[in-house]
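Have a look at it first, and then we'll go through it piece by piece.

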Amino acid sequence: MAPLKSLEQDYPILDSNFQSFCASHDIFSVEDLLLHDLYVLAAFAEQESSSERLKQGITQVLSIIDGKHQPWLNGMELLEDAQRNKHVLSSGCEGIDLLLHGGLRVGQLTELVGPSSSGKTQVCLLAASNVAKKHIGSVVYLDTGNSFSPQRVTHFICQHSDPAIDQAKHRTLQKVMNNISCKSVFDIFTMFDVLHQLEFNLRSQMQGGDCKMQLLIVDSVSSMVTPILGGSGSQGHALMISAGYLLKKLAHEHNIAVLVTNHTVGGDGGISKPALGESWKSIPHVRLLLSREHGGSICNVSILKHPSMAVGKAARFMIHN
Amino acid sequence: MEVGRLPISASQRGKLIAAGYTTLSSFSSLSPSHLARDLKISDNEAAEIMRVASHSHRLDGSAAGCGTVNGAQTAWDMLHEEEMFPRITTSCMDLDNILGGGINCKEVTEIGGVPGIGKTQLGIQLAINVQIPVDYGGLGGKAIYIDTEGSFMVERALQIAEACIEDMSECGGLLRKDFQACQLKMHPNNILENIFYFRVCSYTEQIALINYLDKFISEHKDVKIVIVDSVTFHFRQDFDDMALRTRLLSGMALKLMKLAKDFSLAVVLLNQVTNKYIDGSFQLTLALGDSWSHSCTNRVILYWNGNERYAYIDKSPSLRSASAPYSVTSKGIRNSASNCKRIKMM
């Protein structure tokens, strides 16, 4: 919210007279006006010579503020939206689908937490190939560790296909692979730029067409946040929270499912806990903990947080080689 | 608060917010001198802030395809691109097999093991193998060797280089009938000339060097591998502030990833081991903690099995877990000389 003088261009009623009146009450920006007692200000305005214009100016600023908040929704509208738009995307992994009653829910932020080499990237690649193939939606994969492996994606796509003619298979493979876009991001500012650009594109895009985006994967969000978290100043913290909110906003407003990965750090008593701290805990809707026995191919997944299911429910699945 | 996402310093951001500019649109139409007067900073600083803001603003407004992102590649394109980049051989066939052909470009590979297992030997071998000419199946590139421990021995590098040239001549003699036409013009001195060696003595030097590598590699475009031996040394002892260490290490890991991706080169990090108490017993794991273990694309652990040296793929997005034996000879890293050369699948 800008200083009052920069609003003068668009709203001529907020002229220099209004600004000097506000300045005499220590109000220089729209935020200051919000903090001030408006009845008292209106009473002072009454005593001025151009009281009508001043009161119109105050009303104008208040209407600018009013235009900034999200529209109100009632329960019925939310229910309709949930039933019509917020369906479930199968993740391609039977264990996870069974655990989550279907898979990744559109409109929610799902987080995969696990120690190194526990299968997080494999689940992401599996989900990407499954959504691109079965749900015919486009997938955006933001990769911070150069771990996006096209061969692995090809392997997952060709795993369950019918033994058809090679030519047709090749064409389908190309079509499906073209639905997955991968971009490498190496710092949080680039990620913000990418997400804002995505938001702009989604807002201006016509509904329909077969390249509708369904899944956004960020692998991993913790590598981007760890260099800026902590230390003097809380800017890193603020950036992490804004990134989380932006991802959730994208998920809800544009009906996409968002999947992020996080790593674990050592906690009290040697038990590992998810990285990124206490404030990040409340940001994802669903948190899943992955683990794998050393050298084995069976992964265990359990629920750490879910809006409608009990914590601690677990399942096992195997990553095929 | 959009100003929060601009990559500017904390004090500049504080001044912007104190003056009431919390969104990009609120000051994007101002002139730099106006902004400078408002914030009480120099004109240059104000111009810099405006430049950064307009860059972000321009990205917002540019329309790309349907839901896609600028600069993104589709998986199909990436699949075909991968075939264009050959891998760097390690001169040991078993090791190459489990690595899918060798060390991959565009990825960060971490290699760790107990002291004396051959990490530095492997590093020197890779620095030489990257220079194998394209005709012989190599990359024909140069190498950057960052030495933090002082374990790089030039005499050993010369020895390995001579052995490599001998192997290539033998190979060349077998493959080509007209040996005269493609005479090997390589001399061990040429190979040594193509290794750029940096010695760092503290962690600040290490971080400064990695920041500088961006500029260095843009000037020397044929560098195809960066080897850091070892990445742990300066971060292990006498580091008081563990939180700072985690931040520095993850920042460094991201920069190395970016280098690998932008310049299509391989980054190899050599790491040391430490004891860790897991599941009731002490196990050997790589140093630098849990957060660092997520900072590489692939991880290879070198260990002793009886009298033999083995390598084990611990983490990889596309390779399956396997181990293979190798040996360190006077010629460098070679196949293990034992009878059973089977690759064990885990």
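Two strands pair if DSSP finds at least two bridges between them. Strands themselves are DSSP runs of E with at least two residues, helices are runs of H or I with at least four, and both are numbered from the N terminus. A quick word on the ground rules: this is a predicted model, where local features need pLDDT of at least 70, side-chain atom pairs count only at pLDDT 80 or more, and totals for chains, interfaces and linings use all residues. Residues are numbered from 1 along each chain as its sequence is written, chains are lettered from A and ligands numbered from 1 in the order in which they are written, and side-chain values use heavy atoms, with hydrogens and water left out.

**The sheet**

Let's start with the strands. Nine of them form an open sheet with mixed pairing, in the order β12(A)-β11(A)-β10(A)-β3(A)-β7(A)-β6(A)-β4(A)-β5(A)-β1(B). At the edges sit β12 (314–318) of chain A and β1 (73–74) of chain B, each of which pairs on one side only. In general, strands of a sheet pair through backbone hydrogen bonds, either parallel or antiparallel.

| Strands | Sense | Bridges | Residues opposite each other |
|---|---|---|---|
| β4(A) and β5(A) | parallel | five bridges | A:V140 and A:S181 |
| β4(A) and β6(A) | parallel | six bridges | A:L142 and A:V218 |

How covered is strand β6 (residues 213–219) of chain A? Seven of its seven residues are buried, where buried means under 20% relative accessible area, exposed means over 50%, and partly exposed lies in between (1.4 Å probe, protein chains only).

**Chain B on its own**

Chain B has 13 helices and 13 strands. It runs to 346 residues, and 51% of them count as buried. Its accessible surface comes to about 15,900 Å², with 54% of that on carbon and sulfur atoms; such areas come from the Shrake-Rupley method with a 1.4 Å probe, and for residues only the protein chains shown count as cover.

Contact means heavy atoms within 4.5 Å. Looking at chain B contacts with a separation of 6 or more, 63% are between residues 24 or more positions apart.

Now pick out B:G172, which lies in helix α8 (residues 154–175) of chain B. B:G172 has a relative accessible area of 0%, so it is buried. The C-alpha atoms of B:G172 and B:T23 are separated by 65 Å, and these residues are 149 apart along the chain.

**Where the chains meet**

In all, 59 residues of chain B are in contact with 64 residues of chain A. Between them the two chains bury about 5,100 Å², 58% of it on carbon and sulfur atoms; buried area is the accessible area (1.4 Å probe) that two parts lose on being put together, summed over both. Across this interface the rule finds zero salt bridges, a salt bridge being a side-chain nitrogen of Lys or Arg within 4 Å of a carboxyl oxygen of Asp or Glu.

**The cysteines**

A:C93 counts as buried at 4% relative accessibility, and B:C105 counts as buried at 3%.
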